[in-house]
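Please read the following account with the sequence and the model side by side, moving from one region to the next as the text does.

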Amino acid sequence: MKYHVRHVTQVKYEGTVNLARFNLRLKPSRWPGQVLGDYRLAVTPQPRVIVEESGPFLVNVERLTLDQPTASLTVTSEFTVTVEAAALPLAYVAPDLAEVRQQALADRGLGPVDPASYLFASPMAGMVPAIDDWARARLPAGGTVIDAAAALMHAIHAEFAYDGKATKADTPPAQAFAARRGVCQDFAHIMIIALRQIGVPAAYVSGYLRTNPPPGKARLVGADATHAWVNVWCGRAIGWVGFDPTNAMMAGTDHIFTAMGRDFADVSPLDGVFIGPAGQRMTVSVQVTPL
């Protein structure tokens with residue numbers, strides 16, 4: 001599938017902002033089976049400088065500085081991308097949980113796709129005993145790592161309600177878990193915490209979903225904004241496999257990869273600081289169009 005993606009973020013401040021610095025994580029990183037075409041970034045008002053960097057995880061960062069008074073900010077990211085269907089491994093050839101834990105602990109790599117960074121607690125995805133107890137009760141006996149990840153994915157989809165008003169971007173996963181409500185960010189964090197607590201490396205993926213489904217298929221939940229799913233490390237031979245707990249499906253050609261980190265904070269599309277009145281209002285619109 002080939003797509004055109006347009007992501008518009010508008011920020012309106014309650015008063016004049018005199019200085020602002022932002023981190024943008026909108027340009028897709030390299031990912032197997034995905035080829036990025038033309039990428040364009042437009043920012044209004046024009047920043048004094050934009051610096052491109054690579055983050056410590058699998059993320060492209062564009063840092064910008066605004067030094068002229070403004071009451072609003074508009075960031076438009078556009079690109080084309082081709083996504084090929086992944087050759088998903090069969091569950092019966094995947095290693096079991098004990099083997100995955102052993103391989104992850106023995107791996108000495110510290111790169112952005114090595115398992116070490118995604119094996120332990122992170123700032124937004126800390127250890128939560130209640131999630132551990134819940135997850136262990138739903139793991140299939142004697143299953144492979146893919147069986148375990150799929151079981152948790154389906155359990156979240158079945159037992160949690162998608163509710164855009166239940167949580168915010170900074171809501172702790174433990175709170176969303178207790179309420180059994182949330183959005184794709186919450187479901188991804190809960191699944192990540194559950195997997196890490198049983199020794200399986202799990203990463204937070206930020207990306208997009210196809211906005212309009214093909215004829216005869218239901219529209220995927222989360223298609224109007226950036227989407228989140230979970231990459232699970234399934235051992236050295238298989239590597240990373242994507243699981244989408246919001247839609248109870250494997251990541252495929254409807255999923256467009258942007259960035260991968262330990263949790264949402266590592267891959268947030270936009271964050272930063274500004275000098276001015278505290279009040280602000282942000283709106284985001286996303287359109288993913290098949291070409």
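**A walk through the model**

Leaving aside its neighbours within four places in sequence, glycine 239 is in contact with Val232, Trp233 and Cys234, where contact means heavy atoms within 4.5 Å. The model is a predicted one, in which local features need pLDDT of at least 70 and side-chain atom pairs count only at pLDDT 80 or more, while totals for chains, interfaces and linings use all residues. Residues are numbered from 1 along each chain as its sequence is written, and side-chain values use heavy atoms, with hydrogens and water left out.

Glycine 239 sits in the loop between β10 and β11; here helices (H or I, at least four residues) and strands (E, at least two) are DSSP runs, numbered from the N terminus. With a relative accessible area of 13%, glycine 239 is buried, the classes being buried under 20% relative accessible area, exposed over 50% and partly exposed in between, for a 1.4 Å probe and protein chains only.

At the start of α1, a side-chain oxygen of aspartate 96 comes to within 3.3 Å of the backbone nitrogen of alanine 98.

Helix α3 (residues 145–159) packs with helix α5 (residues 184–197) at an angle of about 145 degrees, and their axes are 10 Å apart; axes are lines fitted to C-alpha atoms, for helices over the stretch in contact, and angles run from 0 to 180 degrees between N-to-C directions. The contact is made by Ala149, Leu152, Met153 and Ile156 on the side of α3, and by Phe187, Ile190, Met191, Ala194 and Leu195 on the side of α5. By class, this contact of α3 with α5 has nine nonpolar, no polar and no charged residues, where Ala, Val, Leu, Ile, Met, Phe, Trp, Tyr, Cys and Pro count as nonpolar, Asp, Glu, Lys and Arg as charged, and the others, Gly among them, as polar.

Histidine 255 belongs to strand β13, residues 255–261, and it counts as buried because its relative accessibility is 3%. Its side chain makes a polar contact of 2.9 Å with the side chain of aspartate 244; a polar contact is a pair of N or O atoms within 3.5 Å, and within protein one must be able to donate a hydrogen and the other to accept it, while residues adjacent in sequence count only if both atoms are side-chain atoms. Beyond its neighbours within four places in sequence, histidine 255 is in contact with several residues, including Gln34, His227, Trp229 and Met249.

Glutamine 34, found in strand β3, is likewise buried, with a relative accessible area of 12%. The side chain of glutamine 34 reaches the backbone oxygen of phenylalanine 257 at 2.7 Å. Among the contacts of glutamine 34, neighbours within four places in sequence left aside, are Pro28, Val83, His255 and Ile256.

Strand β3 covers 34–44, and proline 45 is placed in the loop between β3 and β4. The peptide bond from threonine 44 to proline 45 is cis, with omega near 0 degrees. In strand β4, residues 49–54, lies glutamate 52, which counts as exposed because its relative accessibility is 56%. Glutamate 52 touches Lys27, Val61 and Glu62, not counting residues up to four places away in sequence.

Two backbone angles deserve a separate look. Arginine 180, in the loop between α4 (173–179) and β8 (181–182), has a positive phi of about 60 degrees although it is not a glycine. Alanine 248, in the loop between β11 (240–244) and β12 (249–250), also has a positive phi, near 55 degrees, in a residue other than glycine.
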